[in-house]
Amino acid sequence: MKDEKDKPKLRNRKKLQNEKSHISQRFVSRGGLSDDEIKERMSQYRHAEDTSTVMHKTLTRRLVSKLRNYAWYYPQQSEDNPSLKDAWCYYEHMTLPRYREDETRVAGQAPERALPGESNTELYGVWSTPTHWLKDFGIGVGLYFTTLKLMAVIFFLAGCISIPNIMFYASDEYSGPGGQDSVLQSPVMSLARGTMICTKREFVACPTCTESQLGNVFDFAKTPDNTPLVLRTLCEGAELTQGMVNWASFIFMVIAFALIALYQSQIEIRFNEDQVTVTDYSIVVENPPPDATDPDVWRDFFEQFSEKGVTVVTIALNNEALVRSLAFRRHFRNNLRYHLPPGTNIDNNEILKKAVEKATEARKQKKKTCFGLLCNCTLLPILRIFGLFLKEDQLYERVQKLTPQIQELQTKKYSATKVFVTFETEAGQRNALTALTLSKWDSWSNNKNSVGPSSIFQDTLLKIQEPTEPDAVRWLDLSATTKAKIIQRIITLAITIGLVIASGFSINAARNSSLGVTLSSIVLTLFNLIIPFIVKLLLLIEKHTTEGGRQASLYYKIALFRWVNTAIIPIFISSFTSWIGNDSRDIIITINSVLLSELLLSPTLRLLDIITTYRKHYLAPREKTQRNMNSHFNGTHYNLAERYTDLTKVIFLCFFYSPLFPSIYFYCTAIFIQQYWSDKISLLRIWGHQPLIGPQVSRFSRRFLLPLALTAFAIVASYFYASFPYDNICDPFEPEPGFAGKYNDVTFANGTMGSITVTNDDSVVFCQQELVGSLDTGLFIKFPALPIFQPSDAEWMTDSQSTLTTVYGWTSVAALALFVGIVFGGSIFLAFQSVCKNIYEPSTRDQMIDFSGIQDMFGYVPQVKFGGYAYPWLCCDIDDIAEDLVGWNADYDENNLIYDVPYKGMKRRARTGDDSASAEVEEQATSSLEGEKGPIFSIVKHYPPEWYKKNAQKSD
C-alpha cells in the first residue's frame with residue numbers, strides 16, 4: 001500500500017493523463033536547439049536570474065562573476081570573444097540537475113526533474129533536497145544514498161554495542177599502568193586508543209627460538225652467550241567477555257543487514273511505483289527473426305495483448321561496425337576543427353588538406369619545451385594508440401581512412417538483433433510477458449506447443465523480457481553472443497586477479513626493501529589509484545547490453561581489488577607478531593591511517609575534482625569559440641559502481657578489523673556520513689548527466705557482497721581470537737629455570753645493542769599460533785579456527801579464550817553455510833524452477849496511466865554516447881517520432897550520425913551542413929552503392945493514439 005504522501009503525486013499524474021494538453025508541445029521546434037538557440041536561451045536565463053528573487057546561482061558561479069574581471073583569470077574580455085558568463089549559465093542550466101517549479105506541488109512531494117535547457121526550473125538544493133527525491137536520478141542512485149544513511153545508523157549502533165570493549169582495551173586493566181596513553185600520544189595515534197594495542201609486554205628466555213620464527217625484528221634479541229630473548233605479550237584481550245561483545249555486534253549486523261535487504265527490496269518497489277518509466281510499458285525481444293525489420297509487422301503482432309495497442313516499436317540492427325566507424329569519424333573531424341583556424345571548411349577536401357598541411361608546418365616550427373619532448377617520447381605514443389592526443393595530420397589520415405570503410409559498410413545487409421516494443425498501457429506489457437515468457441526447457445527445445453498459435457511470430461518462439469531504461473541501453477553491444485560475453489568476462493576477471501596478485505607481491509617486495517613501510521605504503525596507494533582506471537580499460541573488452549550490467553561488472557572487479565588491497569594484503573604480508581603492536585608499521589596503526597585517509601583525504605580530492613576544475617577555470621576562459629568553451633562544462637563522469645565499491649570497501653574493512661579495533665564502527669559511521677554528503681554535493685554540483693542506472697548494482701551488493709562481508713566478519717574474527725596473543729610463545733610442560741636477571745650488551749635483531757631485565761625465571765618455547773599462513777610462514781589454513789589446532793605440548797589459549805574460540809569457530813562454519821545456502825541456493829532454486837515453468841510475476845502495481853499521457857516519457861531511440869560531448873549521437877531516423885521520446889533537447893540533425901556520409905536510399909540531407917559530407921564524398925558514396933539491401937540504420941516508429949494526433953494538429 002502506498003504512503004499517504006505518495007497519493008497526491010498519483011492523482012496529479014491521472015489529472016495529467018486526462019488533460020493531455022502538454023503533449024502538443026512535443027512537436028514544437030522540430031530539430032531541437034541549435035548553437036544560436038542555446039545562446040539565446042542562455043541570455044534569457046541570465047536575464048531571469050538577474051530579475052528573480054527565487055532563482056539561485058551556485059556559490060562558484062558567484063565567485064567567477066568577480067574573477068572574470070581580472071585578465072589573469074579571463075584574458076579575452078571582449079564582445080567578439082566567447083562569453084564565460086554564457087558558459088557558466090550553460091553549466092547550471094544544461095549540465096547540473098534542475099527541477100520544474102510547480103506551484104501546485106503538494107508540500108513534501110518530490111518535484112519533477114527538468115530536462116537540460118528547460119525553462120522555469122530551479123537547481124536542486126544540496127542541503128534541502130531529501131533523499132527520496134534522488135530516485136529521479138535513477139533507482140540505483142536513490143538506493144545508494146538510502147544505503148549510506150542506513151549504514152551510518154547501524155554502524156553507530158554497532159559501535160555503541162562495542163563500547164565495553166573500547167573501554168576495556170583503553171584501561172589499565174588490559175595494558176597495565178599508563179596503558180595505551182603512554183605510547184599513543186600524538187593526535188593521530190591517539191585515535192587508536194581503545195583498540196587491542198598491547199603495551200604490557202616483557203622479554204623472556206627462549207633457548208630454542210630462532211629469529212626467523214618470530215618475524216618481527218623488535219621482538220628478538222640475543223645475550224652475549226647467544227641465549228635468545230623474545231618479547232612476550234602479557235595482555236589478556238581475547239577472553240570470553242570481550243569476544244561475546246564482538247559476537248553480539250556480529251549478530252546485530254546479521255539482523256540489521258537482513259532487515260536492510262528486505263527494506264531495500266520494498267524501497268525498490270516503491271521507487272518503481274513512484275517513478276513510472278518506459279520500462280513499465282515495454283518489452284524487448286531477444287531473438288527476432290533476422291529479416292523482421294518492418295515495425296508495422298511487430299506492431300500488428302503485439303497489439304493482441306493490449307486494448308489500446310502499441311505506441312512505439314524500435315528495431316535494433318547488427319550495424320555496430322558501421323555506427324562505431326561513423327562515431328569515430330565524427331570525433332576525429334571535431335578534434336580536427338580544434339587544430340585548424342576558425343571557419344575552415346572541413347567538408348571541402350582540397351581546402352581541408354591545405355589547412356592541415358599549413359597547421360602541421362606551423363606546429364613543427366614551434367619551439368618545443370623539454371616537457372613536451374619528454375611526453376612525445378614516452379606517454380603520447382601510448383595514448384595515441386587509443387586515439388588520444390592525435391595531431392592534425394594524424395586526425396586527417398584517420399578521417400580519410402574511415403570514409404571509404406564507412407562507404408563499404410553502407411553496402412552490407414544488416415539483420416534485426418533486438419526489438420523494443422512499447423505498449424500504451426502497463427497491462428499490455430504484463431499480458432505480453434505472461435503469455436510469451438517461456439520456461440527454459442520450452443525455450444531450449446523450441447516447444448511451440450507451450451504457447452497458443454497466435455503467440456508464435458513468423459514461426460519463431462520469441463524470448464522476451466522487461467528491458468532496462470532507454471538511456472542505459474548500450475546500442476553498440478546488442479549483437480554480442482552469450483559465448484563471446486562469457487569468454488570476455490573470464491579473460492578480464494583473470495587479468496583482475498593477476499593484478500591483485502601483482503599488487504600483493506609488489507607491496508611485499510617494497511616492504512622488504514631498505515625503505516620498508518614507507519615504500520610499501522606508497523606502492524599500495526599507487527595501486528589503489530591506478531587499478532580502477534585499468535579495470536575501466538579492461539571493460540572495453542567486455543560487451544554489455546545494458547549500462548547496469550556494465551556497472552555491475554565494474555563493481556565486482558574494483559571491489560575485489562579494493563577489498564584485497566586495502567584489508568587483506570596488509571595483514572597477509574605483515575609479521576604475525578606485529579598485529580597488536582604500537583609501532584607505526586604495525587597493523588592497527590596502519591589501519592588507523594587508512595581510515596583517516598578515507599575520512600579526510602578521499603572526499604577532499606573528490607570535491608576538489610582537480611581535472612574538471614582545471615578545465616573550467618583555466619582552459620575554458622582561454623577558448624576561442626563558444627562551443628569549445630561550453631565543452632569544458634559538461635560535468636565530471638561518474639560511475640555508480642565505483643561509488644558502491646568505496647561503500648563496500650569501508651564495510652569490509654570495518655568487519656575485518658573490528659575484533660582488533662572495536663572503535664572502528666564509529667570511524668565507519670563518520671565515513672558513511674562524509675560519503676553521503678560529499679557524493680550528494682558531487683551529484684548536484686559537480687557530476688555530469690549519466691544514464692538512469694537501475695537497481696542492478698544495489699541488488700548485487702545486498703544479495704552477494706554484503707552477505708560475503710558478514711561471512712568474512714565471522715571467519716576472520718574467529719582467527720583473530722584464536723591466535724591471540726600473537727607472540728608465538730608458549731609455556732612448556734617442563735620449563736628450564738634460571739633465566740631471571742639483567743642482561744647487558746644484548747644484541748637486537750636490527751643490529752642495535754642495549755640491556756634487558758628478565759623477570760620470568762622459566763624458559764618458554766616457540767609455538768605456531770598462526771592458523772592461516774602468510775608469505776613469511778608459507779600458505780596454509782586450518783578451518784574452522786578451533787582450540788583443537790593447538791599443539792598438544794604447547795597450548796597458548798586460556799580456558800576462557802578456548803570457550804570463545806569454540807563459539808566463534810562454529811559460528812564461522814554456520815555463517816559460511818548460510819552464505820552458500822542463501823546466496824547460491826536461492827539462485828539455484830530459481831534456475832531449476834525457471835527450467836520447468838514460466839516464473840514471471842509483476843513486481844509493482846499497475847498505475848493505470850497511459851504511456852502517451854505522461855510528460856517526459858522517453859523511448860528506445862538508438863544513440864551512441866561518446867566521451868567529452870554534451871549530447872549523445874543519434875544513429876536512426878527520428879523524423880516521424882515525437883521529440884520527447886529522444887530524451888534530450890538539442891539540434892537533432894547536427895547530433896545524428898546517419899547524415900555524416902550520404903548513401904543511396906537516404907531520405908534527406910541534414911538541415912545543418914556542419915557535419916554533412918562534402919559534395920565529392922556524396923558523389924563517391926552514391927556511385928559506389930549498387931541496389932538496396934534493406935535498412936542500414938536501426939528503425940524507430942511511433943504510433944501515437946488518436947487524441948494525441950489531434951492535440952498535435954491543434955498545436956500546429
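Student: How many salt bridges does the structure hold?
Tutor: The structure holds 28 salt bridges, each being a side-chain nitrogen of Lys or Arg within 4 Å of a carboxyl oxygen of Asp or Glu. This is a predicted model, where local features need pLDDT of at least 70, side-chain atom pairs count only at pLDDT 80 or more, and totals for chains, interfaces and linings use all residues. Residues are numbered from 1 along each chain as its sequence is written, and side-chain values use heavy atoms, with hydrogens and water left out.
Student: Ok. Which side chain does Lys 308 meet in a salt bridge?
Tutor: Asp 850, at 2.9 Å, N to O. The two are 542 residues apart, with Lys 308 in the loop between helix H10 (295-302) and strand S7 (310-317) and Asp 850 in the loop between helix H27 (799-836) and strand S14 (863-864). Helices (H or I, at least four residues) and strands (E, at least two) are DSSP runs, numbered from the N terminus.
Student: Why does Asp 850 count as buried?
Tutor: Because its relative accessibility is 7%; buried means under 20% relative accessible area (1.4 Å probe, protein chains only).
Student: New topic. Where are Asp 646 and Arg 562, which meet in a salt bridge?
Tutor: Their side chains meet at 3.3 Å, N to O. Asp 646 is in helix H24 (residues 640-657) and Arg 562 in helix H20 (residues 547-572), 84 residues apart.
Student: Is Arg 562 buried or exposed?
Tutor: Buried, with a relative accessible area of 9%. Asp 646 is buried too, at 6%.
Student: Which residues are linked with them in a network of salt bridges?
Tutor: The network includes Lys 536, Glu 598, Arg 606 and Asp 679.

Key
Buried means under 20% relative accessible area, exposed over 50%, partly exposed in between (1.4 Å probe, protein chains only).
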